[in-house]
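Q: I have a structure open and would like to go through it piece by piece. Can we start with a single residue and work from there?

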Amino acid sequence: MRPETANILALIDTYTLPSADDTSMKMAEDFRNRRIEKGITREEIAKMAGIATSNVARFEQKGLISLKNLIGLASALGYLGELKNLFAEAKFSTMEELLTIRKNQGKKRACSATNKPKTHHND
């Protein structure tokens, strides 16, 4: 497959997974495929990740997992770097969004115009 085709398919994939449920099931399916490709049982991956086997089964069957357990599974299969960097880069879809991102870089919290911190005055 040509790189351009792979990039287009990846872009299309983001639009074909509209819901959180669909996304979690796709992640679970991909996890299961990677686990099986490596010849690792649910029991073995659970032990490697330091979690209960029932949590692995629930993730693979229903797409449900805690963030802590997902981190354990990602680490066990060698995907910790990808997960750790999930929000590492700013994403934007409009020029206005990009300008807002640049303006707010380095801030520690967001504050809306209607929710500005109140100042206290001693009268």
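**A walk through the model**

A: L80 is found in helix 6, which covers residues 80–84. Keep in mind that this is a predicted model.

Q: Is L80 buried, exposed or partly exposed?
A: L80 has a relative accessibility of 36%. Buried means under 20% and exposed means over 50%, so a residue in between is partly exposed. L80 therefore counts as partly exposed.

Q: Which residues form a nonpolar patch on the surface with L80?
A: L67 and I71 do. Together with L80 they have about 260 Å² of accessible area.

Q: Now the inside. How many residues are in the largest nonpolar core?
A: There are 13. F31, I45, I51, V56, F59 and L73 have the most contacts inside this core.

Q: Which helices supply at least two residues of this core each?
A: Helix 2 (20–37), helix 3 (42–49), helix 4 (53–62) and helix 5 (67–77). The largest share, 4 residues, comes from helix 5.

Q: Pick V56. What does V56 touch?
A: Not counting residues up to four places away in sequence, V56 touches F31, R42, I45, A46, I51 and L73.

Q: Back to helix 3. Which residues of helix 3 are buried?
A: I45, A46 and A49 are the buried ones. Looking down the axis of helix 3, these buried residues fall within an arc of 105°, so they line one face of the helix.

Q: And what is exposed on the other side of helix 3?
A: E43 and K47 are exposed there.

Q: What covers the buried residues of helix 3?
A: The cover includes helix 2, helix 4 and helix 5.

Q: What happens just after helix 3?
A: G50 takes a positive phi there, of about 70°.

Q: What is N69 in contact with, leaving aside neighbours within four places in sequence?
A: N69 is in contact with I51 and N55.

Q: Last one, helix 7. How many of its residues are buried?
A: Of the 10 residues of helix 7 (residues 95–104), the number buried is 1, so this helix lies largely in the open. Just after helix 7, G106 takes a positive phi of about 95°.

Conventions: Residues are numbered from 1 along each chain as its sequence is written. This is a predicted model: local features need pLDDT of at least 70, side-chain atom pairs count only at pLDDT 80 or more; totals for chains, interfaces and linings use all residues. Side-chain values use heavy atoms; hydrogens and water are left out. A nonpolar core is a set of buried Ala, Val, Leu, Ile, Met, Phe, Trp, Tyr and Cys residues joined through side-chain atoms within 4.5 Å. Buried means under 20% relative accessible area, exposed over 50%, partly exposed in between (1.4 Å probe, protein chains only). Contact means heavy atoms within 4.5 Å. The arc is that of the directions from the helix axis to the C-beta atoms. Patches are made of residues with over 30% relative accessible area and no salt bridge: like charges are joined within 9 Å, nonpolar side chains (Val, Leu, Ile, Met, Phe, Trp, Tyr) within 5 Å. Accessible areas come from the Shrake-Rupley method with a 1.4 Å probe; for residues, only the protein chains shown count as cover. A salt bridge is a side-chain nitrogen of Lys or Arg within 4 Å of a carboxyl oxygen of Asp or Glu.
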